[in-house]
Amino acid sequence: MVQRSTNGGAWTQVARPSGNAANWTDTTTRAGNKYDYRVAGVGGGGQSGWSNTATVYTSPNTPTGPSASREGSNIVVDVSGKPAYATGYNVRDGATQVASNVQLPWTHVNPAPANTHTYTVQAVRGSLASGWSAASNTVQLLAAPQAPTNLAPNGAVVSSEGQTRLSWRHNPTDSSPQTAAEYRRRVKGTSSWTTGTSTTASNVALTLAAGEIEWQVRTKGQHPDWSPWSAVAVFTVIDKPGVAITDPGDLWTRRTVTVKWSFDQGQGRPQSAWEASLLLGGEVIEHRTGSGAGRSVAFTTPLVDTQEYEVIVKAAAGDVWSEAGAQSFFVQVPPAAPGDMSGVWSEESGAVTVDVHDGRGALRQPITNYFPNSRLVGTGAWVELFKNWQRNPYAVGTANYAHNGGAGSAMSLDSRASNNPDGTGRMVRGTVTATVGNWSYVQITGNGATDRVPVSPGQWVAVRARVFASARNVVANMQFRAGTVFVSQSSTPLIPVTSSGHDGTLVTFAALVPEGADRVNVSFGYSSGQADVVVGSWVQVAAPSVAVAASEADARWRAEEFYKRSADTDFRVRFTGAENDSEAVLEGQRVGGVGAGARVAAVLGEIDGANAVRLIALDYGVNAYRFASASVPAALAGGGTGMARRHQLEVFPQTTVQRRGLMVSSPEQHVEFENAAGLYSLVNRFSELTGVFQFYMYHGGYPGDPDVYYSHVGVFDPGYSGPVFDGSSGLVQVGESWMGASWDGAPDNSTSTLRMAPAAVRANVERSVDGGITWVPFIEGADLPVLETDTEALSNGVTLYRVTTYSADDATSVVIHEVESDSPAVWLSGGDGYTHTARLPYDPEVSITRCRERAVRKYAGRPKPVVHAGEAVTRTVDYSGTLLLDEQSPDELADLVADEAPVHLYRDPDGRHIYGALGDVQLTRESHAHWGFGFQLTETEK
């Protein structure tokens, strides 16, 4: 028996010679393989063991992919496909064998340089040889290259902006790389060439003017001669086209958008292609492309109301694309007119007749709110209200505090319940542990000339701090200097302070800046002795800017205000430099459309859940009006109506109150406010304006009085009675009419207008019989007007109907209507749509029970049974009564019970509304005029 393994694979039987054979010939071998053989004898006693292995190689396969490349004066020959089991290679140059049994790659050394050389390769193994390969490329050692090819651009249109890259392919005959290139170009139709050179690069970048350009190139290898000039390539240079998006504008009012653009190209070439993208939040949600001169595309993606989108368009003339044009737009689809619905209970049918139709009302003329920011949105710009010159008010470490207690003195932090606005109890302690004869103090402003608080003569400077002392009362000092030169000192009388209490003593004191002084430093201290001083709790050093003189009362007030307001969420505290190492300012945000104000800070606030202009009275002691203002547009020069809601938290304590509330000018026309706590509306109907067109909101009090808030601000045409709206208000009801609000430009920065709402064309109606807790569909997708009968409304009580209407553009609006019914009867309904109804008297023999299913189970190993309770609570109605034959036939009740529909509906004068399974009904004739009846209904799913 003979077995064979091919290329190291599995053994397979290939022969079983008969008789006592001593040899066998394998005729199934193929070239390029290695074969292993083994033999076993087979006789009557079975099979012998296997012989040793004999290995035979067949002729190698023919090599593939021959190549030749020049290397100096030599040529390197190789193949890409080397056959298996070859041990060497023969090489021929043309018909002459130049190498035998060599390894590849093989170098043909110094072949004849004037001849061309084309090689074939043969694989060998011992005496076995493959066929000769295909011919390699032809190599000549030194020769001029052929003309360059693959010139680009050629036949293309390129932009005059930036540089145009000319490229080509060097075509050597001797395999040598490009060593030089010369190119030339000219405007087509002219005679003179502009030339340029390159070295090894097969491209060059040029700045070209618009026109039709023809060009050529030639190259060199290592041979000294140039190649022939290439064929002439021609391309066109044009100015880059431009696009401008003409639609949409800043505001879009439809559910889908069509983008339109203009196209311009300096040489008058037409648009050939375009790309357009629709983006939301910077992400592309739809991308469209097209060819030709079309300049609009309709995106199909539905737009979400009150979202800002962006469209980007670019277009091409030939191969030259424009820069992308972009336009952002705000989507505000006018809401559909609300559904006007009427509903009437019928005691005859036990149902409500529902009539839904378009509810726009009679008002059709647009109404404009000329105030550009009725939502009173902040601008993001912050204005300084008060400033604290103490550089480390929270005592984060002892930086910016100083101590001078002589020998044995020290500075440290102290922790107490000091009511800092940041929730900490950090304070600074100055301790003297040796008896010395000099002053001991804690200085709360810097020591250096640049660290001290800048002041101006005639100003008042005030300080607020909480002070503790361990042994004696404290004196507060203000030391005024001109730079570092001492000018004078102002000290307070002894301040009685606590040594053990948690609150310490809150100290506010003020001093007038003397002539010649421009700096002040502040300290708390006492004369010699072993003691300590603790100072902290949001230390406030208040001084107006150097250009303003203030009274002592004003300075004290400023020192207190910063601390009181620093935790208010309408404001922010900002350090002007490094946190807790620079002055801090209390800031409020400006409101769009509202000016800075006179003797008030007019900043963004919130009251009763609405944005408002918050007015803070400033300029302590100045008896003058305090107001913020906004512009009245010229459109209202003939008169108009100003409106706002005024929120006054407390009654102003002054006996003389400036009662102006809202005013326009000029001439001045105002309405007064009530000096009362609470919310009320102010309406100022003004006549013709001839001078400055301004709208004023007055504070009416003085510094220290509560802040005043103005919300829901609007300025309208004459005769308008409200309500105040803005472009984000959605549906607004004016009298009997529903109208849709929209911005006339950028949201919160333009006028807003009420327009007749788009007609409602279809509606969905949902019903609620539990006061709006749950809703079930009643009418779905019905074209308006629609008239339906609701057999499942409450028979006694208020049924709510939520009507959602849709415009032709799929804008919606939702309103809830109430329908009241007061039937004194019990209604039992069944059949398809519960249209089979019986009206029954509401007799005393009605009982409603509620129960939860429970079961008792016994378990092995437990001495007592276990109770399990179900999750659902079930109601059961037990009803019995009398039917008068002249009012109700017993046959009707019997037919209702026999209806195939499995679920019935029970309704009664107590407002119960129960779906359930109806048990058997007992009917008993009690006289010729009446029947007795009874039934039980167990609550189920509908």
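Predicted model: local features only at pLDDT ≥ 70, side-chain atom pairs only at ≥ 80, totals over all residues.
1. Residues are numbered from 1 along each chain as its sequence is written, and side-chain values use heavy atoms, with hydrogens and water left out.

2. Let's begin with the rings. The whole structure has 19 aromatic pairs, where rings of Phe, Tyr and Trp (its six-membered ring) pair if their centres lie within 6.5 Å; planes under 30 degrees apart are stacked, over 60 edge-to-face, and the rest tilted. One of them is the edge-to-face pair of Phe386 and Trp557, with 5.5 Å between centres and 80° between planes. Phe386 belongs to strand β36 (residues 378-388) and Trp557 to helix α1 (residues 552-565), 171 residues apart. Helices (H or I, at least four residues) and strands (E, at least two) are DSSP runs, numbered from the N terminus. Phe386 and Trp557 are both buried; buried means under 20% relative accessible area, exposed over 50%, and partly exposed in between (1.4 Å probe, protein chains only).

3. Which strand is largely enclosed by the rest of the structure? That is β51 (residues 610-617), because 7 of its 8 residues are buried. Strand β50 (residues 600-607) pairs with β51 in the antiparallel sense over 8 bridges; pairing requires at least two DSSP bridges between two strands. The two form a hairpin with 2 residues between them, and Asp608 in the turn has a positive phi of about 50°. β51 also runs antiparallel to strand β58 (residues 708-716), joined by 3 bridges, with Arg614 opposite Tyr709 in β58.

4. Arg614 turns up again among the charges: a network of salt bridges links it with Glu561, Lys564, Arg565, Asp568, Asp570 and Asp707. A salt bridge is a side-chain nitrogen of Lys or Arg within 4 Å of a carboxyl oxygen of Asp or Glu, and the structure holds 34.

5. Finally, Glu939 and Arg875 form a salt bridge, their closest N and O atoms 3.1 Å apart. Glu939 is in strand β74 (residues 930-939) and Arg875 in strand β70 (residues 866-884), so the pair ties together parts 64 residues apart in sequence. Glu939 is partly exposed at 25% relative accessibility, whereas Arg875 is buried at 18%.
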